Amino acid sequence: MAKHRAIPLGFMTVGEVAKKIGVTVRTLQYYDKEGLLSPSAVSEGGRRLYTDKDLVILHQIISLKSLGFSLNDIKHRLISLETPSDVANPLTEQADSIRKKIEQLTATLTAIEQLREEVLQMQTVNFKKYADIIVNLQMKNDSYYLIKRFDDDTLDHIRNRFDKESGLDFMDRFNRLSDEIIELQKASVPPENEKCQRVVKEYWGLITEFTNGDMSMLPNFPMLNALGIKEIEKKQYVQLSTGQKRRLHLAIALIGNPDIIFLDEPTAGLDVEGRVSLHEQIRKLKSQGKTIVLASHDMAEVENLCDRIAILNNGNIAFCGTVTELTDKIGEKYFIHIKTQQGNSTFETDNIEDTLISLLNELKQKEIHILDIKVDRGTLEQHFIEMARRETE
């Protein structure tokens, strides 16, 4: 190593290099000690002198260190910089390493944002669930969002039942089967078709595998029991009655414990006992905070179950609101229902007070005994018919 009395042209002191690159003098001294970056020359006074080439090497060291390489790794990655190729090759390698690091950081940022959304949606602090979500994000399991829907017992079962490999295998089979079900649905393949029967059998096999045969683990299992699923579990779909098929459809919809449930004529084909039972289950779902969209031509059912109603007429929403709001809009007349020993009679009026007094006086004069009196502003069915009539006028 050459020694110079003064600092020659093209050389820099350790302090100048530190200032240019943004590191400390102590860092440069440490790199020299470790054999990473020795000065190109030393002054007679013992001052370390560096060249522009040393700056390039120092930049290499700092870049590789920022990418997570140890100093020992960096030492073996540094090569001579005598030709343009010598300079270009490590720069290409650094560029590739930076791209990989950017991909890793992007994935980490995405995972952090996804975890943040899950935390906000859960609305409660649960570090065990947070940890499960993080693990599934690392596994690149797209179904990580389901974790927040499981209770602690179910999550404990999953942790004990599946490891990383078996868990990913289960999800792959589940997703494949779900995609197949969607394709069958798009193709309007009937449930009794052999393909549908096979898919349903495989789907039930996955459920049994997940629960390890413990059906009480299924969400809404008490409700599934109330629907009478146990009594038809060994029957083929084609063997089921209309009512049993209706119950099965609802049971399948409930297995995933959804927040929103769409029911299309759910009680069609059911006997009285089945209708009452199903209505009771719908009310229980409602009490759990579920949103239920019920499509029905049975106005009594709609009025009995729904908080809000939307009336469709010729494909357009003619009304959307509560039954009371509809009554205020349509129910301009009152209906007086009187039950006597001679039978039931209904009277329509727009002046309830005068009409009721007149009817009572008339029945008293005729000495007809009144058993019951009810006054209302019409049923939902009457309002629906009236609205449809107005829309066509």
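This is a predicted model: local features need pLDDT of at least 70, side-chain atom pairs count only at pLDDT 80 or more; totals for chains, interfaces and linings use all residues.
**Helices, cores and rings**

Student: OK, back to α2. Which residues are buried there?

Tutor: In α2 (residues 25-33), Leu 28, Tyr 31 and Asp 32 are buried. Buried is under 20% relative accessible area, exposed over 50%, and partly exposed in between, with a 1.4 Å probe and protein chains only.

Student: Why do they line one face of the helix?

Tutor: Looking down the axis of α2, the buried residues fall within an arc of 100 degrees, so they line one face. That arc is taken over the directions from the helix axis to the C-beta atoms. An α-helix has 3.6 residues a turn, so residues three or four places apart point the same way.

Student: What's on the face turned away from the buried side?

Tutor: Arg 26 and Lys 33, both exposed. The buried residues of α2 pack against α1 (14-21), β4 (48-50), α3 (52-66) and α4 (71-77). Contact here is heavy atoms within 4.5 Å.

Student: Switching topic: how many residues are in the largest nonpolar core?

Tutor: It has 22, and those with the most contacts inside it are Leu 263, Ile 309, Phe 319, Leu 326, Leu 380 and Met 387. Such a core is a set of buried Ala, Val, Leu, Ile, Met, Phe, Trp, Tyr and Cys residues joined through side-chain atoms within 4.5 Å. Elements that each supply at least two residues of this core include β7 (309-313), β8 (316-321) and α16 (380-392).

Student: What does Leu 380 contact, leaving aside neighbours within four places in sequence?

Tutor: Leu 380 is in contact with Met 299, Val 302, Glu 303, Ile 309 and Leu 326. There is also a second, separate core of 16 residues, including Tyr 31.

Student: In which sense do β7 and β8 pair?

Tutor: Antiparallel, over five bridges; DSSP has to find at least two for strands to count as paired. Ile 309 stands opposite Gly 321. The two strands make a hairpin with two residues between them, and Asn 314 in the turn has a positive phi of about 60 degrees.

Student: Last topic, rings: how many aromatic pairs are there?

Tutor: Four. Phe, Tyr and Trp rings (the six-membered one for Trp) pair with centres within 6.5 Å; planes under 30 degrees apart count as stacked, over 60 as edge-to-face, the rest as tilted. Phe 162 and Phe 210 are stacked, 6.2 Å centre to centre with 25 degrees between the planes.

Student: Are Phe 162 and Phe 210 buried or exposed?

Tutor: Both are buried. Ring pairs link Phe 162, Phe 170 and Phe 210 into a cluster.

Student: What sits over the ring of Phe 162?

Tutor: The charged end of Arg 161, 5.6 Å from the ring centre. The criterion is NZ of Lys or CZ of Arg within 6 Å of the centre and within 35 degrees of the ring normal.

Methods: Residues are numbered from 1 along each chain as its sequence is written. Side-chain values use heavy atoms; hydrogens and water are left out. Helices (H or I, at least four residues) and strands (E, at least two) are DSSP runs, numbered from the N terminus.
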